[in-house]
Amino acid sequence: MKRLIGVTLASVVAFAFPMTADATAAASPEVPQKAPSQTQLQQLDRVATAHSALGVFGEAGTSNPLLVLPSGTSAAEKAQVKAEIPAGLKVRIKVSKLTRNEVSGVFKTLKEAKWHKDARKYGVGYTYDGEKDKVVVNLEAPRSAASSLQSRFPDAVETMPGRFTPNNNRFNDYSPFWGGGSINGGGMTCTAGFTVKHRVDGQKQMITASHCFDWNTEVKTPAGNSLGNVTRIHQWIDAEAITGKNYTGRIFTGGYASSESTAWVSNYTDWMYWGRKLCVSGQTTFNHCGHPISYSTYGFCYMWFGTWHCVDQNDAFLMDRGGTNNPCYCNGNFTKPGDSGAPVYEPGAYGDAIIAGIHHGAVWNYNGADRMINIRAATILRSMNADMVYGDG
């Protein structure tokens, strides 16, 4: 039985707040803070990119973003960044104790599995966390192994226990097949992602997660309609292509099993700025939206059939559980087994979908929040040497 390692965290982060000097005084009602607009967050991301920031992040207990500049940033450049912050947006700016090269060096060591003699036995996920100013490493390994990594990078790394949980675990699609539909094969159930066209031969293919089905597996819908066979597996980005039938540029978007709601694919994006709100449409939890990107980069490594595979941090990203409750907006739906491969997208203005990627799995209780791991669409297109198929084209 195939197994893929991901991150499940058992720890819970608790926050203690000091009491006011007059504990008996009646507290004034707290005015809910307005969340930043998507336009403001886009402008902020441009500022961060222009100044080679380590990233934009969220801070616990607030909807305000945190922009982190690398070590060595001058006071003059920090002041320039402050001057370029979008009007009306409250942003905390800080300078890291780490350089970009130091962060990249940790990533390189993790991918090459050189930090411990048994490193390739352990699943690992990692990202730079601006609030902690550390590379946070989610590690499925004994405490002794975690200590080995911590001692190698005492000032740059924080390790957390973890176990990856890919969601491999609506229902009557037929040719031409759409993304977002339920698919199964070889005892596994997943979700169709989106349609691409191979640049070499013009052949259309359906993309899903590669931890779902083996090479040449016939993939079917729950109603028994053949979706084709797996012809390409790219484990280094957890993506595979299904070939042999007709596929088109539409995805199912309904929020319940019998819904017939759909959206046509109008474009794709590789702009994963902090706070950008996305949707996911899977066969288990159906369509749910409002999930803000919390980490625009996230790398992870795993052993698959005896081979070590790493998804580069620039090829995956994390998004938080969305919702409506201020200030965390985290009471919405969350993906479950069977949602692997599902399209992750931003709703367009005309009933269309702008594809951001496909769903991989989950990170449980990372810094006190459940987060969803996704693979970038642009990475998949480059790796597959393919173009996105739009609408019924």
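The largest pocket holds about 920 Å³ of space. A pocket here is an open set of points on a 1 Å grid over the protein atoms alone, where a 1.4 Å probe fits, with protein on both sides within 12 Å along at least five of seven lines. Grid points are joined across faces, edges and corners, and a volume is the space filled by probe spheres set on the points. This is a predicted model: local features need pLDDT of at least 70, side-chain atom pairs count only at pLDDT 80 or more, and totals for chains, interfaces and linings use all residues. Residues are numbered from 1 along each chain as its sequence is written, and side-chain values use heavy atoms, with hydrogens and water left out.

The largest pocket is lined by 35 residues. Lining residues have an atom within 4 Å of a point. Glu59, Thr62, Asp320, Cys328 and Arg371 lie nearest the centre of this pocket. Helix 1 (38-50), strand 20 and strand 26 (369-376) each supply at least two lining residues. Helices (H or I, at least four residues) and strands (E, at least two) are DSSP runs, numbered from the N terminus. Strand 20 gives the largest share, five residues. By class, the lining has 15 nonpolar, eleven polar and nine charged residues. Ala, Val, Leu, Ile, Met, Phe, Trp, Tyr, Cys and Pro count as nonpolar, Asp, Glu, Lys and Arg as charged, and the others, Gly among them, as polar.

The second largest pocket has a volume of about 590 Å³. Its lining has 26 residues, and Ala53, Leu54, Arg100, Ser296 and Thr297 are the closest to its centre. Helix 1, strand 2 (55-58), helix 3 (100-112) and strand 5 each give two or more residues to this lining. Helix 3 gives the most, with four. The classes here are 13 nonpolar, nine polar and four charged.

Strand 5 leads on to strand 6. Strand 5 (residues 124-129) pairs with strand 6 in the antiparallel sense over six bridges. Two strands pair if DSSP finds at least two bridges between them. Asp129 has Lys134 of strand 6 as its bridge partner. The two strands form a hairpin with four residues between them, and Asp133 in the turn has a positive phi of about 55°.

Strand 6 (residues 134-139) is mostly covered, with six of its six residues buried. Buried means under 20% relative accessible area, with a 1.4 Å probe and protein chains only. In a regular strand the side chains alternate between the two faces of the sheet. Lys134, Val136 and Asn138 point one way from strand 6, while Val135, Val137 and Leu139 point the other way.

Strand 6 also runs parallel to strand 7 (residues 157-161), joined by five bridges. Asn138 is bridged to Met160 in strand 7. From strand 6 the chain crosses through helix 4 (residues 143-152) to strand 7, a right-handed β-α-β crossover. Right-handed means that, with the strands pointing away from the viewer, the path from the first strand over the helix to the second runs clockwise.

Now to strand 20 and its neighbour. Strand 19 (residues 277-282) pairs with strand 20 (residues 286-295) in the antiparallel sense over five bridges. They form a hairpin with three residues between them. Gly282 stands opposite Phe286 in strand 20. Strand 19 also runs antiparallel to strand 24 (residues 343-347), over two bridges. There Val280 has Val344 as its bridge partner.

Terms used. Buried means under 20% relative accessible area, exposed over 50%, partly exposed in between (1.4 Å probe, protein chains only).
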